[in-house]
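Dear colleague,

Please find below the structure that I am passing on to you. My notes on what was found follow directly after it.

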Amino acid sequence: MTNVRHWASFVAFLVCIGLSSCAQVEDPCKTKSRVVGDDKYCDKYWECDNGQSIQYDCPNGLVFAGKHRGVTEGCDYPWRSNYCEYPKVQINPPIGTEHCDWLYGIFGHETSCTRYWTCWNGTATEQLCIGGLLYNENAHSCDWPENVDGCQKHPLCNDDPNGNVPLGKSCNRYWQCQGGYPRLQRCPAMLVFDRRSLRCVVPPTEDCDVPTTTPAPPEEEDERPVQQQKRPANEYSEAQPGRQRPRN
Ligand SMILES: *[C@@H]1O[C@H](CO)[C@@H](O)[C@H](O)[C@H]1NC(C)=O
């Protein structure tokens with residue numbers, strides 16, 4: 001295969017000298033798939049149409065992966081494989097829309113470490129990392145907090161990496177930050193969380209008269225970003241467009 005490719009490059013090189021046109025390596029009309037990637041630009045490809053070699057652009061943000069490969073039109077997200085290795089470059093500039101750096105892609109959330117955007121033709125869909133995972137910009141997927149630069153320490157714990165933080169209006173639940181990772185805690189029976197001293201105290205406090213005995217309603221996903229306890233490895237979730245993961 002490599003030899004064939006080298007041979008093709010060599011032939012193309014001779015053709016280049018002859019025609020002073022080096023836009024592509026192979027003539028797509030001479031290939032079985034009738035589609036070849038451009039040899040300089042990873043977001044362009046050539047297709048054989050009625051015996052003519054025509055150049056096409058991948059959808060904005062995508063690079064050529066091969067016929068019937070990638071996410072659409074033979075094109076894929078650049079990070080999914082080594083589609084775009086030096087000296088090949090993406091030549092088309094990004095076309096951004098709200099939340100999308102490119103029309104197609106997966107992008108970080110502006111304000112949340114647990115959310116991200118999938119963009120399809122410029123339309124953004126908000127996605128959620130579950131089970132305490134955070135969105136990893138480099139992997140374009142949900143990942144363990146310790147692998148996510150800038151998000152290992154949840155913003156909740158910014159003020160004091162080992163302090164307590166009130167949980168909404170709850171009188172008996174609170175966040176306990178441990179080294180920047182928040183864990184959900186409950187005050188011992190008969191005590192309430194005092195948002196002044198940030199401790200569980202004997203009521204009454206300014207906000208809480210008696211300990212609540214009924215369990216608090218489940219928190220918003222954003223409010224329980226990190227549960228460091230046992231998590232099965234299969235909870236690793238790859239961020240994928242159009243596949244919203246169920247909340248749990
Ligand atoms: C992408 O969106 C534009 C308008 O926003 C539309 O004209 C075009 O047909 C869409 N393309 C695809 C492939 O859906």
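Over residues 1-22 of this predicted model, pLDDT stays under 50, and the model has seven contacts beyond four places in sequence for this stretch. Residues 218-248 also have pLDDT below 50, although the model gives them 48 contacts beyond near neighbours in sequence. Where pLDDT is low, the predicted coordinates should not be read in detail. Among the elements, helix H1 (residues 2-19) has the lowest mean pLDDT, 45, while strand E5 (residues 75-76) has the highest, 98. For the protein as a whole, the mean pLDDT is 78, and 72% of its residues reach 70 or more.

I turn next to the sheet. Three strands form an open sheet in the order E6-E7-E8, with antiparallel pairing. E6 and E8 stand at the edges and each has a single partner strand, so one side of each is left without a neighbour in the sheet. On average, and with direction ignored, neighbouring strands here are turned by 30° against each other.

The two pairings can be described in turn. E6 and E7 are joined by four bridges, and glycine 108 stands opposite tyrosine 116 in E7. Between E7 (residues 115-120) and E8 (residues 123-128) there are six bridges, with tryptophan 117 opposite glutamate 126 in E8. E7 and E8 form a hairpin with two residues between them, and asparagine 121 in that turn has a positive phi of about 55°.

The nonpolar cores are the last topic. The largest core has 27 residues, of which Val63, Phe64 and Leu134 touch the most other members. At least two residues of this core come from each of strands E2 (44-49), E4 (63-64), E6 (105-108), E7 and E9 (134-136). E7 supplies the largest share, three residues. Because domain 1 (2-80) and domain 2 (95-151 + 228-248) both give residues to this core, it lies between them. In soluble globular proteins, nonpolar side chains tend to be buried together.

Which residues are in contact with phenylalanine 64, leaving aside its neighbours within four places in sequence? They are Gly37, Cys42, Asp43, Tyr45, Cys58, Gly74, Cys75 and Tyr83.

With kind regards

Terms used: Residues are numbered from 1 along each chain as its sequence is written. This is a predicted model: local features need pLDDT of at least 70, side-chain atom pairs count only at pLDDT 80 or more; totals for chains, interfaces and linings use all residues. pLDDT is the predictor's confidence in each residue, from 0 to 100. Two residues are in contact if their C-beta atoms, placed from the backbone, lie within 7 Å. Two strands pair if DSSP finds at least two bridges between them. A nonpolar core is a set of buried Ala, Val, Leu, Ile, Met, Phe, Trp, Tyr and Cys residues joined through C-beta atoms within 7 Å. A residue is buried if 20 or more other C-beta atoms lie within 10 Å of its own, exposed if 12 or fewer, and partly exposed in between; C-beta atoms are placed from the backbone. Domain bounds come from an automatic or database domain assignment. Axes are lines fitted to C-alpha atoms, for helices over the stretch in contact, and angles run from 0 to 180 degrees between N-to-C directions.
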